[in-house]
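Here are my notes on this one, in the order I'd go through them with the model open. Have a look and see whether you read it the way I do.

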Amino acid sequence: MKKLYPNAEAALDGLLFDGMMLCAGGFGLCGIPERLIDAIQASGVKDLTIASNNAGIDNEGLGKLLRSKQVKKMISSYVGENKEFERQFLSGELEVEFCPQGTLAERCRAGGAGIPGFYTKTGVGTKVAEGKEVKVFDGEEYILERGIRADLSIVKGWKADEAGNLIFRKTARNFNQPMATASDICVAEVEEVVPVGSLDPDCVHIPGIYVKRMIVGAPYDKKIEFRTVRERETA
């Protein structure tokens with residue numbers, strides 16, 4: 001089965017529809033599937049529910065889909081760097097399900113492992129627990145969190161072979177690994193594709209069975225989410 005497609009538009013052909021749910025890898029601007037996000041924006045698909053750690057920054061990453069009003073709901077753990085996200089949420093234009101960061105990662109991992117739900121102490125006694133089942137284990141309260149299963153996963157990898165075996169680079173591994181398994185179809189964009197047999201099996205983070213389609217997205221421009229500089233010292 002040929003998995004490598006010529007571009008993001010071709011890789012997403014036939015997979016997008018209004019009202020669908022996406023799992024999107026990345027953390028801020030680190031390890032985000034930029035080319036696939038651009039293709040989703042260009043497609044005009046709308047009323048999306050997106051599970052992602054955050055929505056990037058204004059007009060970068062998933063922030064582009066917010067700006068074009070294609071997102072109906074975000075399931076996220078952090079939104080502090082995106083003013084458009086804040087504006088839409090406070091004005092009632094965007095539905096937001098806040099989820100603790102570790103819980104979000106585990107909800108996606110659970111979805112990929114076929115686990116419909118799990119109990120966690122995180123969020124007990126807070127707004128996170130409102131409306132959720134509470135169970136007592138060994139005298140301690142835990143809340144039920146549902147696993148996440150999406151219609152489509154989009155992730156960004158560093159290197160893949162032609163069979164779709166995927167390696168993430170350093171911190172870009174972040175949410176990409178659990179997101180890749182949390183749907184029936186995972187589309188990956190990578191920086192390089194090598195022949196089958198070129199990768200050390202012990203270094204593969206996502207087996208090719210999970211990756212249905214992929215593209216080469218390189219070259220990339222390094223974008224900085226939040227730049228902090230020190231004032232120049234004077235003699």
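Predicted model: local features only at pLDDT ≥ 70, side-chain atom pairs only at ≥ 80, totals over all residues.

1. Surface first. Side-chain values use heavy atoms, with hydrogens and water left out, and residues are numbered from 1 along each chain as its sequence is written.

2. Overall build. The protein chain has six helices and 13 strands (DSSP runs numbered from the N terminus: H or I of at least four residues for helices, E of at least two for strands). Its radius of gyration is 19 Å, close to the 18 Å from the globule rule for 235 residues, so the chain is as compact as a globular protein of that length (taken over C-alpha atoms; the rule is 2.2 Å times the number of residues to the power 0.38). The C-alpha trace spans about 55 × 55 × 45 Å along its principal axes.

3. Burial and contacts. Of the 235 residues in the protein chain, 45% are buried (under 20% relative accessible area; exposed is over 50%, partly exposed in between, with a 1.4 Å probe and protein chains only). Among contacts between residues at least 6 apart in sequence, 72% join residues at least 24 apart (contact means heavy atoms within 4.5 Å).

4. The cores. Which residues have the most contacts inside the largest nonpolar core? They are Ile40, Leu48, Ile50, Leu62, Leu65, Met74 and Leu152, in a core of 27 residues (a core is a set of buried Ala, Val, Leu, Ile, Met, Phe, Trp, Tyr and Cys residues joined through side-chain atoms within 4.5 Å). H1, E1, H2, E2, H3, E3 and E8 each supply at least two of its residues, and H2 gives the largest share, four residues. Apart from this core lies another, of 23 residues, with Met21, Ile75, Ala150 and Val155 among them.

5. Leu62 and H2. Beyond its neighbours within four places in sequence, Leu62 is in contact with Ala24, Ile37, Ile50, Ser52, Asn54, Ala55 and Met74. Ile37 is also one of the buried residues of H2, along with Glu34, Leu36, Ala39 and Ile40. Just after H2, Gly44 has a positive phi of about 80°.

6. Glu84 sits in helix H4 (residues 83-90) and counts as buried, at 9% relative accessibility. Not counting residues up to four places away in sequence, Glu84 touches Asp58, Leu66, Arg67 and Lys69.

7. Backbone spots to check. Asn59 has phi near 65°, positive although the residue is not glycine; Asn59 is in the loop between E2 and H3 and is partly exposed at 41%. Lys170 also carries a positive phi, near 50°, in the loop between E10 and H6, and counts as exposed at 67% relative accessibility.

8. After E13. Ala218 and Pro219 are joined by a cis peptide bond, with omega about 5°, and Pro219 lies in the segment after strand E13. Lys222 is in the segment after E13 too, exposed at 73%.
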